[in-house]
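This report concerns the disulfides of one model and the pocket beside some of them.

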Amino acid sequence: MVRHHVADTEAEEPVYLHLKEASTGVDSADVIRARFQEQHRAEILVVEVDGGTGAVPVTCLNQTELIHRTGVTANIIWRKDEAELGEKGNSYRIGLEESLGGGNYTCHLEDGSLLNYTTVLLFRAGQTKRILKSTGLDEYLQCAAENYNGGFHCSWTKDTFRDGHVVHVNAQRHNNDDDYQCSTDSSGHYRSCASERSQITCSVNATGSQISCMEEQHCPYSEETRPIEVTIYFRSDYYLVEIYSKEFFLSEIVKPGKLGISKINETTISLSYPRSWNTPHSYFPLAFQIVQFRKTRTRCPKPSDNSMAKENADALLSDSCLIEVEPKTGSLCVRARDSVSNSDWGEFSLYK
């Protein structure tokens, strides 16, 4: 059987220092800043640095605001991360040296009233990634989906000795960038990216270790013609931005949930599809791996576990939901995968 798979401000424009052409596949500082502003509607400056020194200007009030606040510019004071900088006026030049200078810059009246704020993030093209741990071959994000309904999640592991958190998520099907728009809700946790063909909404979990996403217009019966690209922006304590990306089709990351197992008689068991799996099952068939152990087990092996070889366990593949059990079998572990896409196996289910 062959199945087709859905294989804003009005402030003056800041000056960017050390801005260079980005290498292929890497966003330049102005592209990153535009995406940040589209989603967060905040005055965020992303400055590309090359390890040299320089300065970038920030402005407190735009021209329209100055008309309504005549005479206040001389009394505007500036702070960085809540510490006063000893400077006054409507503009301030932020000094940059090597990878230092990022932070939250706020301007206030002398009585402490907040007028405006600017977050300065630093981006260094070609920098060594330090916040997340690699699982090998420059893989940092692990993504999976339990069915073809459009939902998926991506997780990661942070380096023990580095600190950083998610500041921006961009998930979209490859499409014409001119049709791409973003928005965020008031909490800042739910970010929606929409185009003419797709709308993917992602949320970050409470521990900052995973995102859950849903492609609203996805049809599980349609062929995927464009891959999904997930890009996650992490910020370190020094306001350095690191970018991690992964590209995939849902058919490449789908992993069915655990199977149901019921006893028919002494020599036969019946397998039932996960409730989360798509229907009809004839259109979304699963393949099964059955591992029979001589001894009784309390858990099934992990993918990296070599206990099957140690215990001389028998493993077989089947497309049938009725499985013959060998005599003197102590435990049985079963898992499934999409028989059409041949993606990764799901988790084992234990029967004893």
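The text below takes the disulfides, then the strands, then the pocket.

The model is predicted: local features need pLDDT of at least 70, side-chain atom pairs count only at pLDDT 80 or more, and totals for chains, interfaces and linings use all residues. Residues are numbered from 1 along each chain as its sequence is written, and side-chain values use heavy atoms, without hydrogens and water.

With a disulfide taken as a pair of cysteine sulfur atoms within 2.5 Å, the count comes to 4. In sequence order, the bonded cysteines of the protein chain pair as 1-2, 3-4, 5-6, 7-8. The table gives three of these links.

| Pair | S to S distance | Torsion about the S-S bond |
|---|---|---|
| Cys 143 and Cys 154 | 2.1 Å | 110°, right-handed |
| Cys 202 and Cys 213 | 2.1 Å | 110°, right-handed |
| Cys 300 and Cys 333 | 2.2 Å | about -100°, left-handed |

Cys 300, in the loop between β19 (286–293) and α4 (307–310), and Cys 333, in strand β22 (residues 331–338), are 33 residues apart, and their link joins distant parts of the chain. Helices (H or I, at least four residues) and strands (E, at least two) are DSSP runs numbered from the N terminus. Burial is judged with a 1.4 Å probe on protein chains only: buried means under 20% relative accessible area, exposed over 50%, and partly exposed in between. Cys 300 and Cys 333 are both buried, as are Cys 143 and Cys 154, and likewise Cys 202 and Cys 213. By contrast, Cys 219 is partly exposed at 31% relative accessibility, and Cys 321 is partly exposed at 25%.

Strands pair if DSSP finds at least two bridges between them. β8 and β9 run antiparallel, joined by 3 bridges, and Ala 144 has His 153 of β9 as its bridge partner. Their hairpin has 6 residues between the strands, and Gly 150 there takes a positive phi near 110°. β9 is also antiparallel to β14 (residues 210–215), through 5 bridges; Gly 151 stands opposite Met 214.

A pocket is an open set of points on a 1 Å grid over the protein atoms alone, with protein on both sides within 12 Å along at least five of seven lines; lining residues have an atom within 4 Å of a point. The largest pocket is lined by 29 residues, with Ala 144, Lys 255, Trp 345, Gly 346 and Glu 347 nearest its centre. Elements giving two or more residues to this lining are β8 (142–144), β9 (151–155), β16 (240–248) and α3 (250–253).

Note on methods: 1 Å grid on protein atoms, 1.4 Å probe; cavity = no way out; pocket = protein on both sides within 12 Å on 5 of 7 lines; lining within 4 Å.
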